[in-house]
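Welcome, and please load the model in your viewer.

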Amino acid sequence: MKKLFLFACAAFSMLLFVACSSNPGIEAGKEFMKNPSVETFRNYTAEVANLDDEEKLELEEWTEDNKAELEEAVTQMLQSM
């Protein structure tokens, strides 16, 4: 029972670590949505290009959840050009 409890605590700790760790692509995407400019878009695409496979999967999920906001940011960026 004690081993099971320790395992559960370790698994929960790992889950919290993964959930709380920041994804540079997502952070750059959030910044782009707050300030839709060519510069923040370039930063966003540069960060996305450097993600590892796990970060890319996380970014894909985030992108799907924030699709409308990202499209609006792109539209605002293009209108300001």
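Start by selecting Pro36, which sits in the loop between α2 (24–34) and α3; helices here are DSSP runs of H or I with at least four residues, strands are runs of E with at least two, and both are numbered from the N terminus. Before going further, note that this is a predicted model: local features need pLDDT of at least 70, side-chain atom pairs count only at pLDDT 80 or more, and totals for chains, interfaces and linings use all residues. Residues are numbered from 1 along each chain as its sequence is written, and side-chain values use heavy atoms, with hydrogens and water left out.

**Stop 1: around Pro36**

Is Pro36 buried or exposed? Pro36 counts as buried, because its relative accessibility is 16% and buried means under 20% relative accessible area, with exposed over 50% and partly exposed in between (1.4 Å probe, protein chains only). Now show its surroundings: leaving aside neighbours within four places in sequence, Pro36 is in contact with Ala73, Gln76 and Met77, where contact means heavy atoms within 4.5 Å. Draw a distance from Pro36 to Ala73: these residues are 37 apart along the chain, yet their C-alpha atoms are separated by 5.2 Å.

**Stop 2: helix α3**

Next, select Phe41, found in helix α3 (residues 38–49). Not counting residues up to four places away in sequence, Phe41 touches Phe32 and Met77; Met77 is also one of the contacts of Pro36. Phe41 is partly exposed, at 29% relative accessible area.

With a relative accessible area of 9%, Thr40 is buried. Its contacts, not counting residues up to four places away in sequence, are Glu31, Phe32 and Asn35.

**Stop 3**

How many salt bridges does the structure hold? There are two, a salt bridge being a side-chain nitrogen of Lys or Arg within 4 Å of a carboxyl oxygen of Asp or Glu. Side chains of opposite charge can pair when their charged atoms come close.

Select Glu27 and Lys30 for one of them: their side chains meet at 4.0 Å, N to O. Both residues lie in helix α2, three residues apart, about one turn of the helix. Glu27 is partly exposed at 40% relative accessibility, and Lys30 is partly exposed at 39%.

Then pick Lys34 and Glu31, whose closest N and O atoms are 3.6 Å apart in their salt bridge. These two also lie in helix α2, three residues apart. Lys34 is exposed at 66% relative accessible area, whereas Glu31 is partly exposed at 36%.

**Stop 4: helix α4**

Select Glu54, placed in helix α4 (residues 53–65). Glu54 is exposed, with a relative accessible area of 58%.

**Last stop: the whole chain**

Finally, zoom out and colour by secondary structure: the protein chain has five helices and zero strands, in the pattern α-α-α-α-α along the sequence. Of its 81 residues, 20% count as buried. Among contacts in the chain with a separation of 6 or more, 65% come from residues 24 or more positions apart.
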